[in-house]
Amino acid sequence: MNTPLLQVQDLRVTFTTGRGAVHAVDGVTFDVGAGEVLGLVGESGSGKSVTLRAIPRLLHDNAAVSGRVLWHGQDLLTIPDERLRAIRGGQVAMVFQEPMSALNPVLPIGMQIDEVLVAHTDMDRAARRRRAIELLGLVGIASAATRLDQYPHEFSGGMRQRAMIAISLAAQPALLLADEPTTALDVTIQDQILTLLLQLVSELGMAMVLVTHDLGVVAETCDRVAVMYAGRLCETGPVELVFNRPRHAYTDALLRSMPGDGAAGAMLTPIPGQPPRIDSPVPGCAFAPRCSYAEPRCTTERPVLTAYAPGHDSACYAATRLPARVEEGAA
Amino acid sequence: MTLLAVEGVSKRFPARRGLVDVLSGRPRQAVHAVEQVSLEVRRGETLGIVGESGCGKSTFARCLVRLYEPDEGAIRFEGADVLALQGDARRNFNRHVQMVFQDPYGSLNPRMTVGDTLAEALSVHAVVARAQVPARVRELLDLVHLPADAAERYPHEFSGGQRQRIGIARALAVEPSLIIADEPVSALDVSVQASIVNLFLELQARLGLTLVFITHDLRLVKHMTHRVAVMYLGRIVEVGPTADLFAAPRHPYTQALIRAVPHVKPAAREARRNRQAAVTGELPSPLKPPPGCAFHPRCPIAQPACAQAVPALEDRGGAWPVACIRVSG
């Protein structure tokens with residue numbers, strides 16, 4: 001990887017709520033290379049979706065965001081609104097979890113694609129219509145010309161997600177931010193949408209940040225993975241390396257808790273306890289209270305990201321004590 | 001051996017009609033949620049029922065406990081005709097067959113303490129003498145690994161996983177022989193899911209429970225169940241021993257379903273990038289199911305005959321029944 005396409009540096013997001021400040025994202029740093037698929041994974045409340053939405057500044061007004069989000073040398077967090085609007089939906093596009101609430105229910109799909117083309121290209125009406133038909137074809141929607149005039153409610157769940165992907169691709173983005181794009185879908189439809197996204201990434205040379213809670217989805221689709229817990233980045237690295245040789249006790253525990261790790265019918269290995277409340281700062285490692293590898297300093301000193309292999313960083317004092325899941329070389 | 005036997009159960013729901021439909025005298029359409037399902041639940045086993053949304057698995061679960069009255073068919077529990085039970089006999093059946101629901105937030109009364117919720121179940125079915133209720137409540141909380149002081153607290157004070165434990169304790173309160181769990185861990189995070197899965201495994205071993213586990217998650221079914229029934233658009237397409245069925249699925253839909261599940265395993269990424277989507281097309285509308293085999297419009301090996309008649313669930317030369325005319329041996 002040469003110069004990264006996107007650099008997120010020390011991102012912090014704090015929400016002001018009626019019950020005080022909530023530190024949803026607490027110092028997250030990662031890069032996305034051109035054409036790369038990065039999985040942002042974590043359980044509910046880990047801050048993965050907030051991180052993703054902070055990149056194109058899509059958070060509500062009660063969010064205080066700091067840090068830097070560098071896109072071609074400019075910081076998306078500080079550039080003027082007008083320049084941001086030219087990038088958002090253009091070079092950087094987004095796909096949401098719930099297509100029914102992300103799509104406009106009173107506009108035909110064709111018009112929603114057209115809006116993006118009007119905003120980000122200088123095509124004339126006829127060219128835009130041709131491009132819209134081409135886009136629906138690209139995402140696998142049959143009889144595209146008729147479908148353009150239909151409304152979101154006339155589409156099935158899987159077709160709506162395809163339509164949303166078509167809208168996001170309209171201006172040929174270099175980076176697609178996908179927030180749990182298949183979580184609301186059935187497994188065979190999820191399989192179709194993942195196939196489509198992978199195909200688009202390789203054919204269009206697009207990069208993608210895929211937010212998901214499903215480690216299986218990460219293993220099958222991503223080049224690199226960033227694991228989040230309680231608003232912090234635990235571990236980041238190439239998918240095979242992280243899953244075969246985790247260097248953070250949370251990643252290790254998460255992988256172990258999944259069914260399919262041991263024999264059928266065997267007891268699973270849950271993670272004891274609950275994720276911490278993020279309305280008060282945690283002094284040491286946020287995972288320490290639930291961690292079976294914790295040592296005294298874990299609760300007082302916050303571990304920093306350290307490299308254990310090229311591109312494989314982890315913030316865990318137990319990094320070298322964790323067992324390999326797959327014998328090195330066997331995979 | 002057979003605890004619960006289901007024969008040809010169907011459940012249809014009338015579809016809403018618009019004014020135009022009524023005025024033009026169009027016949028009322030029906031959603032065929034469950035069609036001609038026959039299945040047996042064996043004593044002491046965990047039976048999985050899997051399928052995607054709209055396949056009728058939850059409707060079927062509710063038919064089993066008579067939360068829905070089936071339109072056709074028969075259900076026998078220890079030989080007795082469940083659908084004919086009335087009064088005390090029906091209450092007795094309810095005691096022996098309990099349900100655990102998906103949403104641990106919605107299935108508990110927010111204004112009752114956990115102790116009251118459990119005590120209510122105990123007194124409705126007069127399981128223990130009044131004086132012994134507090135002791136039994138403590139026992140139940142211990143059984144599902146909740147602290148004894150949980151009895152005085154309200155559902156909102158608990159996390160999702162703990163609430164599901166309360167739901168399970170309530171089901172266990174009446175000492176049932178069969179528990180029907182409808183997506184009991186789907187609302188929970190992976191790390192919490194594991195502890196509830198363990199609780200089911202442990203309870204089954206300790207109490208000899210029979211369990212019907214309904215889920216869309218094939219990884220869980222593979223891990224937890226002895227036998228599995230696969231549903232598609234209201235019908236069972238294949239039912240067999242879990243390990244064998246996952247190793248060599250016979251129905252083309254089961255094959256697609258198993259292939260579509262993403263796995264954490266070495267070289268998962270290369271394997272994924274070198275294959276097509278497991279199956280094309282989407283679930284047809286249950287208002288207008290396709291003629292013949294409902295899967296034929298998406299099936300890679302369909303023949304014209306597949307659209308002619310609904311295939312029967314039969315052995316077809318193999319070790320377990322499958323509803324596909326293209327399968328033999």
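Q: Why does A:Glu295 count as partly exposed?
A: In this predicted model, A:Glu295 has a relative accessibility of 23%; buried would require under 20% and exposed over 50%, so A:Glu295 is classed as partly exposed.

Q: What makes the pair A:Arg321 and A:Glu295 a salt bridge?
A: The closest N and O atoms of A:Arg321 and A:Glu295 are 2.7 Å apart, and the criterion asks for a side-chain nitrogen of Lys or Arg within 4 Å of a carboxyl oxygen of Asp or Glu. A:Arg321 counts as partly exposed, at 42% relative accessibility.

Q: What joins B:Glu35 to B:Arg12?
A: A salt bridge joins them, with the closest N and O atoms 2.9 Å apart. Since B:Glu35 lies in strand β2 (residues 30–42) of chain B and B:Arg12 in strand β1 (residues 2–14) of chain B, the pair ties together parts that are 23 residues apart in sequence.

Q: How do you know that A:Arg129 and A:Asp149 meet in a salt bridge?
A: The N to O distance between the side chains of A:Arg129 and A:Asp149 is 3.9 Å, and the limit is within 4 Å. The pair links distant parts of the chain, 20 residues apart, with A:Arg129 in helix α5 (residues 125–138) of chain A and A:Asp149 in the loop between α6 (144–147) and α7 of chain A. A:Arg129 is partly exposed at 38% relative accessibility, and A:Asp149 is partly exposed with a relative accessible area of 49%.

Q: How do you know that the end-to-end distance of helix α7 of chain A agrees with its number of residues?
A: At 1.5 Å a residue, the 13 residues of this helix (residues 157–169) should span 18 Å, and the end C-alpha atoms are 19 Å apart, which agrees.

Q: Why is A:Thr188 called buried, and which residue does its side chain meet in a polar contact?
A: A:Thr188, found in helix α8 of chain A, has 0% relative accessibility and therefore counts as buried. Its side chain and that of B:Arg298 are joined by a polar contact of 3.3 Å, where the limit is within 3.5 Å. Beyond its neighbours within four places in sequence, A:Thr188 is also in contact with residues including B:Glu52, B:Leu257 and B:Val279.

Q: What makes up the contact between chain B and chain A?
A: The contact takes 38 residues from chain B and 46 residues from chain A, and the area buried between the two chains is about 3600 Å², of which carbon and sulfur atoms give 53%. The count between chain B and chain A is 7 salt bridges; B:Arg219 forms a salt bridge with A:Asp214, with the closest N and O atoms 3.0 Å apart. On the side of chain B that touches chain A, α7 (190–207), α8 (218–224), α10 (252–260) and α11 (268–273) of chain B each supply at least two residues, and the largest share, 8 residues, comes from α7(B).

Q: Why does B:Pro184 count as buried?
A: B:Pro184, in the loop between β7 (178–182) and α7 of chain B, has 1% relative accessibility, so B:Pro184 counts as buried. Not counting residues up to four places away in sequence, B:Pro184 touches residues including B:Val100, B:Phe101 and B:Phe200.

Methods: Residues numbered from 1 in each chain as written. Chains lettered and ligands numbered in written order. Predicted model: local features only at pLDDT ≥ 70, side-chain atom pairs only at ≥ 80, totals over all residues. Heavy atoms only, no water. Helix = DSSP H or I, 4+ residues; strand = E, 2+ residues; numbered from the N terminus. Expected span 1.5 Å × (residues − 1). Contact = heavy atoms within 4.5 Å. Buried area = accessible area lost by both parts, 1.4 Å probe. Buried < 20%, exposed > 50% of the residue type's maximum accessible area, 1.4 Å probe, protein only. Polar contact = N/O pair within 3.5 Å; in protein donor to acceptor, adjacent residues only side chain to side chain.
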